[in-house]
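Me: I am new to this structure and would like to know what stands behind the words used for it. Please take the terms one at a time.

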Amino acid sequence: MIRALIVDDEPLIVDTLSNAIPWNRHSISLIGSADNGLSALEMVKEHKPDLILCDIRMPKMDGLSFLQQVNSLGNHCTVLMLTGFAEFEYARKAMQFGAKDFILKPINYMELDKVIERIGGQIREHKLDDQRKQHQLKHMKNLLYEKMITDILFDYTKLAAQPFYSEFKLMLEETNCLVFLVDLERYAYNAHRWTANERKLHNFAVRNVLQDALHPFHLDYSVLQTREGEWCVLIRQPSSEALLAMKETSQWAEQMAQAVLDHTKLAVHIGIYPAYVPVSQLAQAYKLLQREVQFSGEQQQIVTLRTDVKQETANLSFWDRIEEIVAGLKRCDTNQMQREHQMLIHDLKSVSPLQLEKILHFLILHLLRELKEIKKIADADERDVWVRLEQYTSAKDLISILNRMVENAVNGAGKHRSSEALMDMAKDYIAKHAASDLSVEEVADYLGLSSSHFSVLFKQYVGETFVEHLTRMRIDWAKSMLVNSSQSISNIGRTVGYLDRRYFNKVFSKCEGVTPAEYRVQYS
């Protein structure tokens with residue numbers, strides 16, 4: 001409801017205004033009245049009215065001074081000035097100070113009623129527009145936050161490399177997170193029996209449940225899907241505030257597990273990192289939790305990362321070999337894949353026979369899920385893995401399964417190292433680093449190509465040069481920010497990769513035919 005304040009030193013006028021105008025019919029609530037500008041200013045600070053009816057001539061502080069003070073507070077309120085014929089010039093000055101309209105005394109209350117009805121509608125429309133913009137901005141910030149956290153979680157980027165964190169007041173560098181890893185029970189086994197649509201529905205349903213599960217605890221948290229059947233739940237806690245009691249973490253994990261079971265009939269395993277983690281260390285915490293959950297066994301639904309296991313897994317290099325094999329596969333780098341595979345087999349020789357089968361089983365399932373996630377394993381090959389897992393009798397059989405999976409992946413990578421695949425990798429790399437000082441040389445080096453060869457291929461397959469593609473991506477990003485945020489044009493320029501505002505204006509004008517400021521006015 002709209003809040004209104006009456007400011008006039010004549011009690012009769014205040015009383016008449018209070019009773020003659022059908023405020024309830026206009027969905028307006030009178031919060032009170034004041035007989036001078038000084039008292040009214042205090043009421044504005046306390047109640048933040050949307051509409052003020054104000055006289056000009058008053059004791060202690062007149063209407064014009066009051067209007068100036070209200071403007072200095074930054075309050076978005078509409079002011080109607082009440083004035084006599086002799087004060088017409090004062091009314092003009094009031095309009096210059098931001099008054100919406102003025103009403104002449106003696107007041108025609110029928111006319112005033114129409115004015116209030118009209119202005120009330122404008123105020124409501126303005127409030128709705130503000131709410132929409134705030135919702136858009138919040139949604140944009142949440143998407144940006146999740147994008148940045150996901151990049152950090154997968155170790156794609158570092159905090160210092162991102163110039164736009166502070167612009168959205170996310171305070172990532174000052175934030176600690178409590179990390180939960182939620183993993184669907186026996187997902188790799190169940191997923192190969194589900195259809196693609198069933199997998200999509202199960203993943204969608206679980207994420208929705210997790211997003212609502214902790215609302216009763218009034219926590220500030222995000223749910224990020226890290227791969228099929230797996231999610232990270234991050235509970236944010238600024239390091240400047242007191243840390244939450246760690247004993248509550250088990251309660252939260254139990255709440256999430258029960259909610260997923262109740263709503264989807266699916267069981268999950270949940271890993272808890274036993275301390276708040278700085279954002280810069282999320283990638284390490286995620287990898288440790290992932291290994292702990294997979295290695296803990298099906299009988300433990302909720303596990304807390306043990307310090308002894310943390311140290312033990314940190315010293316076993318084979319935990320990282322599979323990830324390096326997958327990283328090589330994403331880049332179609334068969335040499336890296338073969339090198340890491342050889343080192344993995346060498347590292348496994350140091351594992352005790354009692355642990356070897358369990359570790360191999362985990363590595364096979366982990367590799368299988370990673371290959372499925374990046375769509376680098378054929379259905380027939382996946383079925384073959386499950387058949388052989390059901391029939392194995394020794395660690396030697398498991399090593400044979402692992403070797404065959406890696407060999408198939410290497411052969412597939414060799415076949416798919418096409419120019420088109422390389423350009424897809426290039427576009428993905430450019431999208432992740434568009435805000436930095438990105439060059440042709442950097443992208444070409446990432447792909448293992450010469451700059452000249454990369455430039456020719458990029459133009460051929462993408463249809464535009466590297467600079468044209470990067471510029472278009474940055475300008476599209478800037479256009480979205482201009483419309484959906486209140487950031488300054490200089491900040492937006494820096495956010496999308498242009499440190500110099502004049503150069504940003506020049507590039508934007510060349511692409512869109514208008515300046516950033518003109519674009520904002522035109523489309524906001």
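Reply: What follows takes up a sheet, some aromatic rings, a helix and a strand in a predicted model.

Me: What makes S2 and S5 the edges of their sheet?
Reply: The sheet is open and has five strands, in the order S2-S1-S3-S4-S5. Strand S2 (28–34) and strand S5 (101–104) each have a single partner strand, so one side of each has no neighbour in the sheet. On average, neighbouring strands of this sheet are turned by 20 degrees against each other, direction ignored.

Me: How do you know that S4 and S5 pair?
Reply: Pairing requires at least two bridges. Strand S4 (residues 78–83) and S5 have four bridges, in the parallel sense, so they count as paired. Leu82 stands opposite Ile103 in S5.

Me: Which helices lie against this sheet?
Reply: Helix H2 (residues 37–47) packs on the sheet and touches strand S1 (2–7), S2 and strand S3 (51–55). The direction of H2 makes about 145 degrees with that of S2. Helix H3 (residues 63–73) lies across S3 and S4, at about 150 degrees to S3.

Me: Why are Phe504 and Phe508 called buried?
Reply: Buried means under 20% relative accessible area. Phe504 has 0% and Phe508 has 0% as well, so both count as buried. They belong to one aromatic cluster, together with Tyr498, Tyr503 and Tyr519.

Me: How do you know that Arg186 sits over the ring of Tyr189?
Reply: The charged atom has to be within 6 Å of the ring centre and within 35 degrees of the ring normal. The charged end of Arg186 is 4.3 Å from the centre of the Tyr189 ring and is recorded as sitting over it. Arg474 lies over the face of Tyr498, at 5.2 Å from the ring centre.

Me: What makes the buried residues of H22 line one face?
Reply: Pro516, Tyr519 and Arg520 are buried in helix H22 (residues 516–523). Seen down the helix axis, the buried residues fall within an arc of 100 degrees, so they line one face of H22. The face turned away from them carries the exposed residues Val521 and Gln522. The cover over the buried residues of H22 includes helix H19 (466–484), helix H20 (489–495) and H21.

Me: Why is strand S9 called mostly covered?
Reply: In S9 (residues 268–272), five of its five residues are buried. Val268, Ile270 and Ile272 are buried on one side, and His269 and Gly271 on the other, and both faces are covered.

Me: Which strands does S9 pair with, and in what sense?
Reply: Strand S6 (residues 175–184) is joined to S9 by five bridges and runs antiparallel to it. Leu184 stands opposite Val268 in S9. Strand S11 (residues 302–304) is joined to S9 by three bridges and runs parallel to it. Here Ile270 stands opposite Ile302 in S11.

How values were computed
Residues are numbered from 1 along each chain as its sequence is written. This is a predicted model: local features need pLDDT of at least 70, side-chain atom pairs count only at pLDDT 80 or more; totals for chains, interfaces and linings use all residues. Side-chain values use heavy atoms; hydrogens and water are left out. Helices (H or I, at least four residues) and strands (E, at least two) are DSSP runs, numbered from the N terminus. Axes are lines fitted to C-alpha atoms, for helices over the stretch in contact, and angles run from 0 to 180 degrees between N-to-C directions. Contact means heavy atoms within 4.5 Å. Buried means under 20% relative accessible area, exposed over 50%, partly exposed in between (1.4 Å probe, protein chains only). Rings of Phe, Tyr and Trp (its six-membered ring) pair if their centres lie within 6.5 Å; planes under 30 degrees apart count as stacked, over 60 as edge-to-face and the rest as tilted. The arc is that of the directions from the helix axis to the C-beta atoms.
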